Amino acid sequence: MTAPRTLVLTGASGYIGRHLHRRFTEDGWTVRTIGRSPRGRGAAAVDAAWDDDLTPVLDGADALVNLAGRSVSCRYTKRTADEILRSRTETTKRLGLALAACASPPPVWLNASTGTIYRDARDRPQTEAAGELGTGFSVAVARAWEQELFDAPVDEARIRRVALRTSIVMGPGGALNPMVNLARMGFGGRQGDGGQMLSWIHIEDVHRAVRHLIDRPDLSGPVNLASPHPVTNREFMALTRARFGGLGTRLGLPLPAWSLEAGARIIRTEAELVLKSRWVAPEKLLAGGFAFRFPHAAWALDDIAAQTPSGLLPVHLG
């Protein structure tokens, strides 16, 4: 009988992390987690805390997936900006040092990154090979995050490294909730001019893509996790209204850019999360033979709606 494969997962308390933990466990993997100390108030039990020696947890594992990082859904003050940056770069650096000390390190290290690393794009999709990096705080964080991954002092012949440039993840709860709430309140029209591209990926395709990348030793470097069929903000809001808006919300009031800027200040987030045009193409995944289960936004939203027959999406924080 084949022994179960072992995954080391960080960020397991977040939205994506919880899904990966559950799905890899269902796949028969043993999942070890690194996180905050189990002695901390409200912290879930983990196999190692960040201030522990991480080598015993990593040694002998088949794969490492690092999702650790503070949520970006907040106002970018000096304090939160520092937390966003440090929570990504310091954990990645910590893992690199621990992997270098392993006698039998996991052969593949998948580290979270973001599709926001690319410029605001409306003219053409951004691929791993030809995409142009953008400017600003979010891009600077993404570049520093990836630099820690690829500068880590590990043996390239023993550990393959992949930066997961993930687009907006859609599933029950999570990033979809604000869109649904706007639709229910009658504000489910276009945001800004509505022409900005929205690259997205279904949460289940995140799990399937991670499995695919673990099992494909020829794939390394930055990899875009995004559906091959992005939509405009206007199109996405129309699809959302049709499935979650309820009676009387077939038409949604638009939200101009100035109102989004003002509203973002009230709910303590950044309007950039909605207004930036993210057009990310999964060139490496498609070339590597990956088949999306949910390539179209309508299919993804139909699946999410079917999982929430009451029409109410659970709220997940993390």
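**Setting and aromatic rings**

Modeller: The protein chain contains 11 helices and 11 strands; these are DSSP runs numbered from the N terminus, with at least four residues of H or I for a helix and at least two of E for a strand. The model is predicted, so local features need pLDDT of at least 70 and side-chain atom pairs count only at pLDDT 80 or more, while totals for chains, interfaces and linings use all residues. Residues are numbered from 1 along each chain as its sequence is written, and side-chain values use heavy atoms, with hydrogens and water left out.

Now the rings. The structure holds two aromatic pairs. Rings of Phe, Tyr and Trp (its six-membered ring) pair if their centres lie within 6.5 Å; planes under 30 degrees apart are stacked, over 60 edge-to-face, and the rest tilted. F24 and W29 form an edge-to-face pair, 5.1 Å centre to centre with 90 degrees between the planes. F24 counts as buried because its relative accessibility is 0%, and W29 counts as buried because its value is 6%. F290 and F292 have ring centres 4.9 Å apart and planes at 80 degrees, so this pair is edge-to-face. Both F290 and F292 are buried.

One ring also has a charge over it: the charged end of R88 sits over the ring of W145, 4.9 Å from its centre. The cut-offs are NZ of Lys or CZ of Arg within 6 Å of the ring centre and within 35 degrees of the ring normal.

Key
Buried means under 20% relative accessible area, exposed over 50%, partly exposed in between (1.4 Å probe, protein chains only).
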